[in-house]
Amino acid sequence: ALSGAYCAAGDDALSVFYNPAGTALVNKKEILLGHNEWLEGIRNETLAYVQPLGARLTVFGGVNALFSGSMNKYDSAGEKTGTFSSLEGAVSAGLSAALGNDFYGGAALKALSQQAAGAKALAWAGDAGILKAGGDWRFGASASNFGGRLKLGSHAFDLPLIFRAGLSRSFQGNFMITADGVKAGEAGAAVAVGAEVRLRAGPREYFL
């Protein structure tokens with residue numbers, strides 16, 4: 001619903017994937033489970049966990065995996081030779097902390113894996129972010145996948161760096177608008193804008 005504009009707005013376990021600094025705003029243990037099903041058996045599975053260690057320090061981890069499902073395999077002449085599947089995923093773990101003056105920072109180390117038709121590749125990378133959260137406004141910036149190269153078979157390539165910068169504004173605690181600028185790999189820069197309304201459903205329950 002927020003169209004991916006979560007670099008500044010994030011303050012829960014989902015921040016693991018957008019801006020690790022946002023996990024420093026979590027004040028209790030949180031776990032996130034996500035499942036997306038697409039055409040042809042393609043699916044995406046996500047898992048994130050955040051645990052505050054005290055008033056200023058938080059530990060977190062995340063898993064993000066994309067499964068291709070079964071695909072046809074062809075030789076150089078275009079003849080079908082069977083089927084294969086592929087898997088791309090990342091496992092991360094990191095720390096976030098309150099830095100003072102309403103600033104928060106976070107960083108994570110992660111392992112990225114890619115498998116296709118029996119070939120496997122592994123690379124190490126890092127994520128880092130900073131967040132300013134004071135009053136109704138928040139400002140955030142993050143960088144993902146810096147460092148390392150991935151080699152699959154005879155092909156090696158740099159990991160796709162992802163840069164995000166965003167801001168969000170809340171109104172009376174129940175309405176929020178947020179916007180991010182995103183530069184992913186060699187793709188052009190993009191802008192994401194989203195809005196969220198919180199509706200009370202009970203003493204401690206809300207619809208978003």
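**Antiparallel strand pairing in the predicted model**

Strand 2 and strand 3 form a hairpin with 4 residues between them (strands are DSSP runs of E, at least two residues, numbered from the N terminus). The structure is a predicted model, in which local features need pLDDT of at least 70 and side-chain atom pairs count only at pLDDT 80 or more, whereas totals for chains, interfaces and linings use all residues. Residues are numbered from 1 along each chain as its sequence is written, and side-chain values use heavy atoms, with hydrogens and water left out.

Strand 2 (residues 43–52) runs antiparallel to strand 3 (residues 57–67), and 10 bridges join the two; pairing requires that DSSP find at least two bridges between the strands. Within this pair, Tyr49 has Gly61 of strand 3 as its bridge partner. Strand 6 in turn is joined by 14 bridges to the antiparallel strand 7 (residues 103–116), where Ala111 stands opposite Val91.

These pairings belong to an open sheet of 10 strands in the order 1-2-3-6-7-8-9-12-13-14, with antiparallel pairing. Strand 1 (30–37) and strand 14 (190–197) each have a single partner strand and stand at the edges, so one side of each lacks a neighbour in the sheet. From one strand to the next, the twist averages 15° (axes are lines fitted to C-alpha atoms, and angles run from 0 to 180 degrees between N-to-C directions).

Strand 4 (residues 71–74) and strand 5 (residues 80–84) pair in the antiparallel sense over 4 bridges, with Phe84 of strand 5 as the bridge partner of Met71. Their hairpin has 5 residues between the strands, and Gly78 takes a positive phi near 85° in it.
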